[in-house]
Amino acid sequence: MANVLTPQGEDFPRWYQDVIAKAQLAENGPAKGSQVIRPTGFALWERMVDELDARIKETGTENASFPLLIPESYFSREADHVEGFAPEVWMVTHGGGKELEEKLAIRPTSETIIGEYMGKWTNSYRDLPLLLNQWCNVMRYEMRTRLFLRSSEFLWQEGHTVHETYEDAHAFTLRILHEVYADFIENVLALPVLRGIKTEAERFAGALNTFAVESLMRDGKALQMGTSHELGQKFAKAFDIQFQGRDGQQHHGWTTSWGVSTRMVGGLIMGHGDDAGLRVPPKLAPVQVLVMVVKDTDEVQAAAKQVYDELKADGVRVKLDHRGDVAFGRRAVDAELKGYPVRIEIGPRDLKNGEATIASRVEGTKQTVPLGMLAEAVAAALQGAQDQLWDEAVAFRESHTVDAATLEEAVEAAQTGYARIPWDACGVEGEAKAAESAVFVRVLQREDGTVPDSLDESGLIAYLARQY
């Protein structure tokens, strides 16, 4: 594989680009910062969408669709929000060959347009909570772009909700963080996350509080995998989101917003990938098992098709590679690059012995199994791969997390992973100083690792790291 990919230890950014190219995940688009997601990469995103959408709907949230173009007057109604996003906004100034009377922002996020309609749909406390989500694309102007991680256009989901009380909104913000995002990333992507609150400097523009889940990549940098924002009443007041309360009086609602994007595909690559390419957790994998014909004979083809049919009937996401005109070694390398968790290899010799070879991408092992026991062996191999990826990621994070007593110690430790330091020993001034060394406060937690309700709590612990 050394001839296919740049080794991680030699040049991690180049390795990342090599994986994306060689595994046929994505390519740069014609416009600066745009990306074309190829079928193999999009299949990963589709699986993420399926898993996340089910979790989102479990909270009672419903999907809707809102316009891509937002009138500038809408976008400007919440001052902190527009100031925070102004450098990233793309504006449409002409349409139909004429200059528009009012510029239209191409959505970088949809608080403003959705807020307008939530105000129309909220009249009584009986209408609440109003829980909406949309799957869409957004555009943000970026100077330095990288496929999946930071592009001018990307895919995501964005949830927007209105609640009767602060307590309800706060609880829902954390429910999304824990039951949707952290649950998916840990139990499906097999990546452990730090859950915590963002500092004021890292908070979403216009939010009261921002909560986040962060994962550590295999180069020791942190990646923000998802955020959930407690917006208070700022947007409710800007967009007149009012309702008649149980007391008969008019009240402004309490709103939230939350989202994850295709940058999670980048997190999957960098969190699990090795020098042979992708390693995809079986629970996520679009192709869990690849059945491969080693030598093209009628008997082998028939046996491979039978194995494929039986696994598919068992609910396994399985693909059949029966190409006889492509060398087996080349096909095996391609399967390694794309991270298929399990390969079943069937050749004339295997068939003569009534068996097949099972190759595990994660464990890097091969074993021969009687054809009649393939189903059980495949199930065990898939579970083993899921467990091993999780165990490796947890062990990596633990071995790359250091307790620091001073800011200087924290900045040094953060060069290779997380530095954990009391927030009182860092503070806002220390945060700014660390940023000069490209080290940032990723999240704040309570000492016991739980998520604070606000930045006002005492005794918080800061996690510092380099970041994507």
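Which residues lie nearest the centre of the largest pocket? They are Glu88, Arg140, Arg150, Phe204 and Gln224, among the 39 residues that line this pocket. The model is predicted, so local features need pLDDT of at least 70 and side-chain atom pairs count only at pLDDT 80 or more, while totals for chains, interfaces and linings use all residues. Residues are numbered from 1 along each chain as its sequence is written, and side-chain values use heavy atoms, with hydrogens and water left out.

**Pockets**

- Rolling a probe the size of a water molecule over the atoms shows where empty space is left.
- A pocket is an open set of points on a 1 Å grid over the protein atoms alone, where a 1.4 Å probe fits, with protein on both sides within 12 Å along at least five of seven lines; lining residues have an atom within 4 Å of a point.
- The largest pocket holds about 1000 Å³ of space, a volume being the space filled by probe spheres set on the grid points, which are joined across faces, edges and corners.
- Helix H4 (79–85) and the strands S8 (153–163), S11 (222–232), S14 (254–261) and S22 (440–445) each give two or more residues to the lining of the largest pocket. Helices (H or I, at least four residues) and strands (E, at least two) are DSSP runs, numbered from the N terminus.
- By class, the lining of the largest pocket has 14 nonpolar, 14 polar and 11 charged residues. Ala, Val, Leu, Ile, Met, Phe, Trp, Tyr, Cys and Pro count as nonpolar, Asp, Glu, Lys and Arg as charged, and the others, Gly among them, as polar.
- The second largest pocket has a volume of about 260 Å³. Its lining consists of Arg144, Thr145, Arg146, Leu149, Arg150, Lys221, Phe440, Gln467 and Tyr468, which divide into 3 nonpolar, 2 polar and 4 charged residues.

**Aromatic pairs**

- The structure holds 11 aromatic pairs. Rings of Phe, Tyr and Trp (its six-membered ring) pair if their centres lie within 6.5 Å; planes under 30 degrees apart count as stacked, over 60 as edge-to-face and the rest as tilted.
- One of these pairs is Phe85 with Phe204, which is edge-to-face at 5.6 Å centre to centre, with 65 degrees between the planes. Phe85 lies in helix H4 and Phe204 in the loop between strand S9 (194–197) and strand S10 (209–216), so the pair ties together parts that are 119 residues apart in sequence.
- Phe85 is buried at 5% relative accessibility, and Phe204 is buried at 13%. Buried means under 20% relative accessible area, exposed over 50% and partly exposed in between (1.4 Å probe, protein chains only).
- Tyr117 and Trp121 form a tilted pair, with 6.0 Å between the centres and 50 degrees between the planes. Both residues lie in helix H5 (residues 111–121), 4 residues apart, about one turn of the helix.
- An α-helix has 3.6 residues a turn, so residues three or four places apart point the same way.
- Tyr117 is partly exposed at 27% relative accessibility, and Trp121 is partly exposed at 41%. Phe66, Tyr117 and Trp121 form one aromatic cluster.

**Charges over rings**

- The charged end of Lys221 sits over the ring of Tyr468, 4.9 Å from the ring centre. For such a contact, NZ of Lys or CZ of Arg is within 6 Å of the ring centre and within 35 degrees of the ring normal.
- Arg77 lies over the face of Tyr74, at 5.8 Å from the ring centre.

**Backbone**

- The peptide bond from Leu128 to Pro129 is cis, with omega near 0 degrees. Pro129 is in the loop between H5 and strand S7 (130–139).
- Ala190, a residue other than glycine, has a positive phi near 60 degrees. Ala190 lies in the loop between helix H6 (166–187) and S9 and is buried, with a relative accessible area of 1%.
- Asp240 is not a glycine either, yet has a positive phi of about 55 degrees. Asp240 is in the loop between helix H7 (234–238) and strand S12 (242–244) and is partly exposed at 46% relative accessible area.

**Helix H12**

- The 26 residues of helix H12 (residues 374–399) should span 38 Å at 1.5 Å a residue, and the end C-alpha atoms are 37 Å apart, which agrees. The expected span is 1.5 Å times one less than the number of residues.
- Buried residues in H12 include Leu374, Ala377, Val378, Ala381 and Leu382.
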